[in-house]
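Me: Can you walk me through this one? I have the sequence and the coordinates open and want a quick tour.

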Amino acid sequence: MNTAAIEERETYLNAGYGLKSWLLTKDHKRIAILYLITVTFFFFIGGIFASLIRIELLTPQGDLVSSDTYNKLFTMHGITMIFFFLIPSIPATLGNFFLPMMIGARDLAFPRINLLSWYLLVIGGLFAIFAMLAGGVDTGWTFYTPYSTTYSNTWVIATAIGIFVSGFSSILTGLNFIVTVHRMRAPGMTWFRMPLFVWSQYATAIIQVLGTPVIAVTLLLVFCERAFHIGIFDPALGGDPVLFQHMFWFYSHPAVYIMVLPGMGVVSELISVYSRKPVFGYHFVAFSSIAIAVIGFLVWGHHLFVSTQSVYAGLVFSFLSYCVAIPSAVKVFNWTATLYKGSISFATPMLYAFGFIGLFTIGGLTGLFVASLGFDVHVTDTYFVIAHFHYVMVGGTIMAYMGGLHYWWPKMTGRLYPEGWAKLSAAIIFVGFNLTFFPQFILGYLGMPRRYHFYPPEFQVLHVLSTAGASVLAVGYLLPAIYLFWSLRYGEVAGANPWGATGLEWKTQSPPPVHNFDEIPVVTHEAYDYSTVVGEVIEVG
Amino acid sequence: MADQAHAQVETLALREQFDTPEQQKETSTLGMWIFLITEVMFFGGLFLVYTIYRNVYPTVFGRASTSLNATIGAVNTAVLLCSSFTMVLAVRSAQLGKRKALVIFLILTMLLGLMFLGVKAYEWNEKFVEHHVPGTHFHFEGVAEQGPAQLFFSLYFAMTGLHALHMVVGVGILSWLLYHAVRGRFTAEYMTPVDIAGLYWHFVDIIWIFLFPLLYLIDRHMNLP
């Protein structure tokens, strides 16, 4: 095939060879690839823990692992997936690669800080892996005190250090993105010409910068409390364990939006390009990202409805939690309105985008259930909550991540993925996901508590369904890992703009040259103006 | 050799991702401001914990607070304010391209910073002598409940310790600046590192400006026995 043609062009991939050219790179595209490898690794680690959890839950007796081991499994599943996969996933891979390109910049504002942030994630990850190998940690990913500070006999401190360090990775990524969006835009790239993916990354970065330092200082206090027993969260010394919950959720609820907002940005791109229409109500979608970032900071108390929080505070937090649904709904409605009379093609990324819209809607609406005080008392700490946030995190974020990965794969690698296999896996993931998590809504409503490895026998049917779904889901995630890897060598060579998209990232060769553009583009049109697209469009779907 | 030095100046001056020196300067400055915002949130967590426990245990916190040596605290505040002043003069000298003055003011700022840390170390030592360090040997006279008193001193050490850590980092940054200033790397056109290091230094000072009254002064009016 055209391999010879690919070798000849200078791209960011052949600009240097050898480990050193990667480990000391300052190119945002190479750093994105480093992140891609890292988060994929952690995704499969977290996936192994998830598999063990699901296998254990096949039977009601709790006969595969001991209670202690089970506690460690769900803790390490949560920690790996949240701190080392979901939070860096879209921003640090797709965002890192495409945010500078989409605004027409040669690189991020601070390339060396970008590389540093990858190293921080790796160092934090090594601490976490050390903790896992040394014996694990069993506090739940939430680290609730005083269990985490006083009673747990597992590797809490090593894990906390890992999260603390990787938190600074997240902070530095956010800082870099904010400054880049402010200062590095190409001529003519005004704020309201930016692709919506950039807007969502900007909103995400605000949360990363404002929220993550708070979890850092909270973990620092947990560390001091556990190491020196200073009493901040210990009632025996006059401290207040619920204060920890407030500080933890002040970050960890906004962190949910760190995970899902970039996904929403990806979906905005996908819906537009595969229906060949500008996103309906661009300004509303752009500002809804900012609104989610702002309101998201004011809702953390809905995690404390059954703690010592006053009922009046509960009322306010409940109300504010309803408010955050409004900008989320704006996005969903505007995406569907974009489809209206669009020229829709059912390419793989679009299938993922559809998956996102449907599953995020279920995840979001059940979020309203648990945001209401009365209902939440019934389902607190049950599988209903588990199902709710997996619909948002897995059904939302990972769907968008997969969609974005497929959409931008030709740009990142210069090769197309195999469309048939990709569609098949998208379908498998959708079916597997729903089979895994829909039964958990019912389980939770019927009273199955989270974090138990034995349960009453009448719940077994639903648990078996869920485990069966998880097996299907695992196949769905393994397939892309195989065929994407395959496509690096055997995939069809992609042109500069295989989807006929409008973003600046498509106006340069695939894969891009080291400084992205041969000459810095001048932007004269709004985002998503398909009348400007020239060149051949590959017909898919 | 001269070429090498020249190339070094070039790379310090304009990095490849920027079009103009102005863009680079504005970008770096914005980066530092946003970093300082993260620092506000970082310290903010501790200020929150302090505020909450102060409201829960007003009397014990009052007693513990008045046991701190306000005179030494005030002297240290003065030292830190002077260091901010010399830092401003360093930035100004850099703007005017006065290399010698820049070096002198950087050294003065570092010395004042180190003096602050020295006084702080003396104060912490006093706490050890008085058994006011949280832990098994903690004892605070005059209050029935040791727990809340220990909470106060835990927060005292956490907050002043974290602040001191930032001072140490600041002195490190100043040494880096000094190394390059002596070699004449900063000019009136290119002095962004001095500028943003100044922002950081002033920020660390401002943290202390909040810590000092909150920890040392706020309960003086209560005339506790």
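Reply: We can go through the chains, their contacts and some helix pairs. Keep in mind that this is a predicted model.

Me: Start with chain A. How many helices and strands does chain A have?

Reply: Chain A has 16 helices and zero strands. Its C-alpha trace spans about 70 × 45 × 45 Å along the principal axes.

Me: What radius of gyration does chain A have, against a compact globule?

Reply: Chain A has 23 Å. A compact globule of 541 residues would be near 24 Å, so the value for chain A agrees.

Me: And what share of chain A counts as buried?

Reply: Of its 541 residues, 56% count as buried. Take the contacts in chain A with a separation of 6 or more: residues 24 or more positions apart account for 86% of them.

Me: Now chain B. What is its secondary structure?

Reply: Seven helices and zero strands. From the N terminus on, the order is α-α-α-α-α-α-α. The C-alpha trace of chain B spans about 70 × 30 × 30 Å along its principal axes.

Me: How much of chain B is buried?

Reply: 35% of its 225 residues count as buried. Among contacts in chain B between residues at least 6 apart in sequence, 76% join residues at least 24 apart.

Me: Let's pick a residue. Where does A:R183 lie?

Reply: In helix α7 (residues 156-183) of chain A. Leaving aside neighbours within four places in sequence, A:R183 is in contact with A:A109, B:Q23, B:E26, B:T27 and B:L30.

Me: Why does A:R183 count as partly exposed?

Reply: Because A:R183 has 18 C-beta neighbours inside 10 Å. A residue needs 20 or more to be buried, and 12 or fewer to be exposed.

Me: Back to α2(B). At what angle do α2(B) and α6(B) cross?

Reply: Roughly 160°, with the axes coming within 11 Å. That makes α2(B) roughly antiparallel to α6(B). The crossing is left-handed.

Me: Which residues meet there, in α2(B) and α6(B)?

Reply: B:L46, B:V49, B:Y50 and B:Y53 in α2(B) meet B:L151, B:L155, B:A158, B:M159 and B:L162 in α6(B). By class, this contact has nine nonpolar, no polar and no charged residues.

Me: Last one, in chain A. How do the axes of α3 and α5 cross?

Reply: Helix α3 (residues 28-56) and helix α5 (residues 111-134) of chain A cross at roughly 15°, and their axes come within 10 Å. That makes α3(A) roughly parallel to α5(A). This crossing is left-handed.

Me: And which residues in α3(A) and α5(A) meet?

Reply: From α3(A), A:H28, A:I31, A:L34, A:Y35, A:T38 and A:F42. They meet A:P111, A:N114, A:L115, A:W118, A:L121, A:V122 and A:G125 in α5(A). The contact has nine nonpolar, four polar and no charged residues.

Definitions and conventions: Residues numbered from 1 in each chain as written. Chains lettered and ligands numbered in written order. Predicted model: local features only at pLDDT ≥ 70, side-chain atom pairs only at ≥ 80, totals over all residues. Axes fitted to C-alpha atoms, helices over the stretch in contact; angles between N-to-C directions. Helix = DSSP H or I, 4+ residues; strand = E, 2+ residues; numbered from the N terminus. Parallel < 35°, antiparallel > 145°, perpendicular 65-115°, else oblique. Left-handed = near helix turned anticlockwise from the far one by under 90°. Contact = placed C-beta atoms within 7 Å. Nonpolar A, V, L, I, M, F, W, Y, C, P; charged D, E, K, R; others polar. Rg over C-alpha atoms; globule rule 2.2 N^0.38 Å.
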